[in-house]
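Here are my notes from going through this model, written as a few numbered points. Have the structure open while you read.

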Amino acid sequence: MLSSMTGYGRAECLLQNQKYIIELRSLNSKQADINLRIAPLIRERELDIRTLLAQQLERGKIDCAIWQDNSLADNGEGAVTPINKAALDYYVTQLQQYAAEKNLQTDVLAIAMRMPDVVKVQEQSNLTDEDWNALKSGIEAAIIQFNAFRKQEGEALQHMFTEKLNGILSLLSQVEPLEKERIEKIRARLEESLKQLSEERQQATDRNRLEQEMIYYLEKLDITEEKVRLHNHIRYFFETMESENYSGVGKKLGFIAQEMGREINTLGSKSNHSEMQIIVVKMKDILEQIKEQVLNVL
């Protein structure tokens, strides 16, 4: 079954009594392109995080964001930010003196709390092995949700491909009734052109050679091989979509779609029939839609 390169996953973990949010997003890309936006506390583990993501997400333009949630942690304890009492005392004293000199009525404490260095974020320590295991578990939980999203999107893509491929097969079946009519029209047109020649030229014409040339010309316009190959490519596309745990299936589907395009183009160049050319244009339009969406397949 198919998986899309478009994905989303989110999870939480608790590090040093603080809650951290892990969020994964991805779009299509030819290889793994990982962009990390992580909190300062876990930067020392950036290489480990990249390795973990590259191993489990294969490819795509992947954005991974890990940040501290300032709301209450899961254990009910909030984030504690210490107050710099020395700085607070200094600002309160200065503000009280200024207010007294100017005879002002103001909330000195509220103003002092907004002054620089009064509320100072506590410096974070390095991650312990226990912290890393908690973070790793959180990332893996986000990856599970992320891959489930990819599979859901892949199912939608597979349904779309099935519908489009059946559309091409339906159009191809409409070509068959036109083939015999097309050959007869071409033969009649050649015969009519021959009749317009002068009697002297008609007598000088070698009928056997003419028949041989006509057969050769009509054989060049035969589209049986193109139809068979196009049928085979579509069958192979279906088989590839159904393959289990196939790495790089999106690239393979892209190659198959290219081969389908070659056969459809040859059908168009050989058609020499207005209605067949209209059908070929419709097949090309459907194939372009398939090619566009194949880029999203993992």
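1. Let's start with a residue to look up: is glutamate 58 buried, partly exposed or exposed? Glutamate 58 is partly exposed, because its relative accessible area is 40%, and that value falls between the 20% and 50% cut-offs. Keep in mind that this is a predicted model. You'll find glutamate 58 in the loop between helix H1 (46–57) and strand E4 (60–69). Check its backbone too: phi is positive, at about 60°, although glutamate 58 is not a glycine.

2. Now go to asparagine 17, in the loop between strand E1 (7–15) and strand E2 (18–27). Its phi is near 65°, again a positive value in a residue other than glycine. Asparagine 17 has a relative accessibility of 30%, so it counts as partly exposed.

3. Next, zoom out to the whole chain. The protein chain has nine helices and four strands. Going along the sequence, they come in the pattern β-β-β-α-β-α-α-α-α-α-α-α-α.

4. How much of the chain is buried? Out of 298 residues in the protein chain, 37% count as buried. The accessible surface of the chain is about 18200 Å², and carbon and sulfur atoms make up 49% of it.

5. A word on contacts. Take the contacts in the protein chain with a separation of 6 or more: 79% of them are between residues 24 or more positions apart. Pick a few on screen and see where each partner sits in the sequence.

6. Then there's a nonpolar patch on the surface, formed by Ile83, Leu109, Met113 and Val119. Together these residues have about 320 Å² of accessible area. One of them, leucine 109, is in helix H3 (residues 108–113). With a relative accessible area of 49%, leucine 109 is partly exposed, since exposed would need over 50%.

7. Last, the cysteines. How many disulfides does the structure hold? The count is zero. For background, a disulfide is a covalent bond between the sulfur atoms of two cysteines. Two cysteines you can look at here are cysteine 13 and cysteine 64. Cysteine 13 has a relative accessible area of 6%, so it is buried. Cysteine 64 is buried as well, because its relative accessibility is 0%. Both values fall under the 20% cut-off for buried.

How values were computed:
Residues numbered from 1 in each chain as written. Predicted model: local features only at pLDDT ≥ 70, side-chain atom pairs only at ≥ 80, totals over all residues. Heavy atoms only, no water. Disulfide = S-S within 2.5 Å. Buried < 20%, exposed > 50% of the residue type's maximum accessible area, 1.4 Å probe, protein only. Helix = DSSP H or I, 4+ residues; strand = E, 2+ residues; numbered from the N terminus. Patch = residues over 30% accessible without salt bridge, like charges linked within 9 Å, V, L, I, M, F, W, Y side chains within 5 Å. Areas by Shrake-Rupley, 256 points an atom, 1.4 Å probe, with all protein chains shown as cover. Salt bridge = Lys/Arg side-chain N within 4 Å of Asp/Glu carboxyl O. Contact = heavy atoms within 4.5 Å.
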